[in-house]
Amino acid sequence: MASVREDGELGAGIDEVWKVVGDFAGFVEAMGIPVETDGEGVGSTRTIAMGGSSTIERLESLDNDSKTLQYSLIQGPLPVENYLSTMQLSPIGDSRTRIEWSSEFDAAGISDADAIEAIRGIYKGGIAGLQARFGA
């Protein structure tokens with residue numbers, strides 16, 4: 001099983017950042033990407049329309065107290081299987097937040113190294129998008 005972990009600092013308080021990250025559709029929408037949701041809370045799905053193929057993800061857990069959410073990949077163009085991702089926020093003082101975005105998965109049809117790089121690129125882009133919104 002392969003894994004990826006990326007983190008970054010954001011120039012806003014944890015509660016402000018959680019309003020975006022803790023909203024299963026809100027994070028994707030904040031990146032300017034079309035998203036549709038089905039259901040609410042744990043078990044809900046989001047469909048992300050990018051390129052020629054949609055990605056469908058399911059919210060597996062959401063903890064507002066620890067500012068943590070987990071989601072799995074149901075289908076999509078990424079070359080991975082058994083994908084489970086975790087996003088967790090932690091405060092850095094009153095006005096800054098650390099985001100940690102990690103996952104475990106099996107590469108599907110490509111090497112672990114290539115799958116890791118594909119996922120790492122998504123995480124880096126997402127964190128950069130949050131930094132553009134909240135400051136770095």
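This report walks through strands, core, aromatic rings and salt bridges in a predicted model.

## Strands and hairpins

Start with strand β3, residues 45-50. On one side, β3 pairs with strand β2, residues 35-38. The two run antiparallel and are joined by four bridges. Within this pairing, Asp38 stands opposite Thr45. Six residues lie between the strands in the hairpin of β2 and β3. There, Gly39 takes a positive phi near 90°.

Strand β3 also pairs with strand β4, residues 53-63. These two are antiparallel as well, and six bridges join them. Ala49 in this pairing faces Ser54 of β4. The hairpin of β3 and β4 has two residues between the strands. Here Gly51 takes a positive phi, near 65°.

## The nonpolar core

The largest nonpolar core holds 33 residues. Which residues have the most contacts inside it? They are Val21, Tyr71, Tyr83, Met87, Ile99, Phe105 and Leu130. Helices α1 (14-21), α2 (26-30) and α3 (112-134) each supply at least two residues of this core. So do strands β1 (2-10), β5 (68-75), β6 (80-92) and β7 (96-107). Helix α3 gives the most, with seven residues.

Take Leu130 as an example. Leave aside its neighbours within four places in sequence. Leu130 is then in contact with Leu10, Val20, Val21, Phe27, Met31, Ile99 and Gly135.

## Aromatic rings

A search of the whole structure finds five aromatic pairs. One of them joins Phe27 and Trp101. Their ring centres are 5.3 Å apart and their planes meet at 90°, so the pair is edge-to-face. Phe27 lies in helix α2 and Trp101 in strand β7, so the pair ties together parts 74 residues apart in sequence. Are these two residues buried or exposed? Phe27 is buried, at 6% relative accessibility. Trp101 is buried too, with a relative accessible area of 3%.

Four other rings belong together. Phe24, Tyr71, Tyr83 and Phe105 form one aromatic cluster.

## Salt bridges

How many salt bridges does a search of the whole structure find? The count is 10. One of them joins Glu6 and Arg120, whose closest N and O atoms are 2.7 Å apart. Glu6 is in strand β1 and Arg120 in helix α3, 114 residues apart, and the pair links these distant parts of the chain. Glu6 counts as buried because its relative accessibility is 14%, and buried means under 20%. Arg120 is partly exposed, at 22%.

Arg46 belongs to strand β3 and Glu57 to strand β4, and they are 11 residues apart. Arg46 is buried at 4% relative accessibility. Glu57 is buried with a relative accessible area of 9%. Another salt bridge joins Glu60 and Arg58, at 2.8 Å from N to O. Glu60 is partly exposed at 30%, and Arg58 is partly exposed at 33%. Some salt bridges share partners, and these join Arg5, Asp7, Glu9, Arg96, Arg98 and Glu100 into one network.

Methods: Residues numbered from 1 in each chain as written. Predicted model: local features only at pLDDT ≥ 70, side-chain atom pairs only at ≥ 80, totals over all residues. Heavy atoms only, no water. Pairing = 2+ DSSP bridges. Core = buried A, V, L, I, M, F, W, Y, C linked by side-chain atoms within 4.5 Å. Buried < 20%, exposed > 50% of the residue type's maximum accessible area, 1.4 Å probe, protein only. Contact = heavy atoms within 4.5 Å. Phe/Tyr/Trp six-rings, centres within 6.5 Å; stacked < 30°, edge-to-face > 60°. Salt bridge = Lys/Arg side-chain N within 4 Å of Asp/Glu carboxyl O.
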